[in-house]
There are 2 protein chains.
Amino acid sequence: MTLYNEYDRLLVAVDCIIFGFHGDQLKLLLIKRDFEPEKGKWSLMGGFAKKSESLDDAASRILMSLTGLQEVFLEQLYCFNQVDRDPVERTISVTYYSLINIEDHDEELSKQHDASWFDLGEMPDLIFDHNEIVDRAHQRLKYKAEHYPVGFELLPPKFTMPELQSLYEAIFETEMDKRNFIKRIDSLGILVKLNEKKRTTGKKGAFLYQFDEDKYKQQMKTGNKFQIKP
Amino acid sequence: MTLYNEYDRLLVAVDCIIFGFHGDQLKLLLIKRDFEPEKGKWSLMGGFAKKSESLDDAASRILMSLTGLQEVFLEQLYCFNQVDRDPVERTISVTYYSLINIEDHDEELSKQHDASWFDLGEMPDLIFDHNEIVDRAHQRLKYKAEHYPVGFELLPPKFTMPELQSLYEAIFETEMDKRNFIKRIDSLGILVKLNEKKRTTGKKGAFLYQFDEDKYKQQMKTGNKFQIKP
DNA sequence: GCAAAAGTGTTATTGCTACACCCATGC
DNA sequence: GCATGGGTGTAGCAATAACACTTTTGC
């Protein structure tokens, strides 16, 4: 079939916003771009879509190539489509944001790409419209973390309540009362409290918790809704 | 410059989900497709992106060509990207949803496209993945209408409380208590009550209201948040 | 023994839900 | 005069927000 012949074909970039969390700070993994244009500037990790591959798969591939991670949280964010956003050629960018446990990523790989982590509040100027993309990703993360249990993706499997709280404080850019926070989390009925303490922070040590996927599904079935208010 | 030479270019479709509201029902404007493949089947209105045009502009153009409307609510929904979603050629579809006052659209134009309005609950089978697209659009509309004053886009400039309520009931697929509904709307402080009644429905007639953009902005400035709970 | 972070309950207020009767008018 | 849809208030309950002291232990 040779229908659709008269129409334009476009370059489709796939760019990834990679969130991590460490030491009370939301962080983003950025690369030093190693090709023209804008070689040497900071940028989101990206690549181009292939004809034989879905964009979802392309995003996975690109994320994998920088972090070594697969099967992590990865969701389409938005298609940025201004005509002149890339000076070389008309390119649209379909963006995906990812939430990873910062300890899991492959440091060797990220070194190869001249990548490094930046606090969300202290980002350099990025190429093209990437700063705008990051803003939108943060907005989406705020929404998503409020209504779905995605925060845990940014933490190790075992984490403490103070860690969880400071994660949400970083995402929402607010401060919260710790008693109210714990009450809210507790009432969700989706965590398991372990009989272990993490002793690295503080001197008393804090109990470790785990997110329990099954408990979460159970809660949703019974009509309860996940929600953490900012 | 001839960078980026090695990469694939893709067909980019732009499809529009056009919502309307009439007689207690959320409705969608669909067209009978007049070209192959799937000629004669029901479909969303769409077109292909041009190299020299942003996708936002393409969506406006496509919406305009079917409804005659410009400057109406139009927002990007999602990029559907499965490799085999269009059997002819690899095509990604960047979708936009629109909210229009059903009385405003140009019936001549829509006749030319063999378009007609369907209740959201009584949709025919659509081509490709368009049913899935509609589902996602409805999900988005639920979210958007809950948190932003977009419902008014679906109504005439002057509307009654019972009309507004049944709009929200249609969007959220729930029933609401009319006293609580009015209380909530009133407390937002964004409507102007007019000294006119609409007498077509019922025998008593219902007071007309108008949405006041300035009042809305004022309310948001003072920290109030728009929210209509389902 | 003291500094640093973890853990723990109660109260006041606010917001939300549930609920039933009268009103105005067209026929 | 009666049928139809429009309009109105309150009370009980649940969720939320505000708030301060004690505990543990590494140094």
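Colleague: What should I know about the model before I start?

Modeller: It is a predicted model: local features need pLDDT of at least 70, side-chain atom pairs count only at pLDDT 80 or more, and totals for chains, interfaces and linings use all residues. Residues are numbered from 1 along each chain as its sequence is written, chains are lettered from A and ligands numbered from 1 in the order in which they are written, and side-chain values use heavy atoms, with hydrogens and water left out.

Colleague: How many helices and strands are there in chain A?

Modeller: Helices (H or I, at least four residues) and strands (E, at least two) are DSSP runs, numbered from the N terminus. Chain A has 6 helices and 10 strands. Its C-alpha trace spans about 65 × 40 × 30 Å along the principal axes.

Colleague: What share of the residues of chain A count as buried?

Modeller: Buried means under 20% relative accessible area, exposed over 50%, partly exposed in between (1.4 Å probe, protein chains only). Of the 230 residues of chain A, 51% count as buried.

Colleague: And contacts?

Modeller: Contact means heavy atoms within 4.5 Å. Take the contacts in chain A with a separation of 6 or more: residues 24 or more positions apart account for 68% of them.

Colleague: Is I17(A) buried or exposed?

Modeller: I17(A) is buried, at a relative accessible area of 0%. It belongs to strand β1 (residues 9-22) of chain A. Beyond four places in sequence, I17(A) touches residues including L28(A), L44(A), Y97(A) and S98(A).

Colleague: Which strand holds S98(A)?

Modeller: S98(A) is in strand β6 (residues 91-99) of chain A. S98(A) counts as buried, at 0% relative accessibility. Its contacts beyond four places in sequence include I17(A), F19(A) and F73(A).

Colleague: What does the side chain of S98(A) reach?

Modeller: A polar contact is a pair of N or O atoms within 3.5 Å; within protein, one must be able to donate a hydrogen and the other to accept it, and residues adjacent in sequence count only if both atoms are side-chain atoms. Here the side chain of S98(A) reaches the backbone oxygen of F73(A) at 3.0 Å.

Colleague: Where does T91(B) sit?

Modeller: T91(B) lies in strand β6 (residues 91-99) of chain B. T91(B) is buried, with a relative accessible area of 1%. A polar atom of its side chain lies 2.8 Å from the backbone oxygen of E89(B). Among the residues that T91(B) touches are Y4(A), from chain A, and F48(B).

Colleague: How do I read a sheet?

Modeller: Strands of a sheet pair through backbone hydrogen bonds, either parallel or antiparallel. Two strands pair if DSSP finds at least two bridges between them. In chain A, 3 strands form an open sheet in the order β8-β10-β9, with antiparallel pairing. β8 (158-160) and β9 (191-198) stand at the edges, each with a single partner strand, so one side of each has no neighbour in the sheet. β8(A) pairs with strand β10 (residues 206-211) over 3 bridges.

Colleague: At what angle do α4(B) and α5(B) pack?

Modeller: Axes are lines fitted to C-alpha atoms, for helices over the stretch in contact, and angles run from 0 to 180 degrees between N-to-C directions. Helix α4 (residues 161-172) and helix α5 (residues 178-188) of chain B pack at about 100°, with axes 11 Å apart. That makes α4(B) roughly perpendicular to α5(B). Angles under 35 degrees count as roughly parallel, over 145 as roughly antiparallel, 65 to 115 as roughly perpendicular and the rest as oblique.
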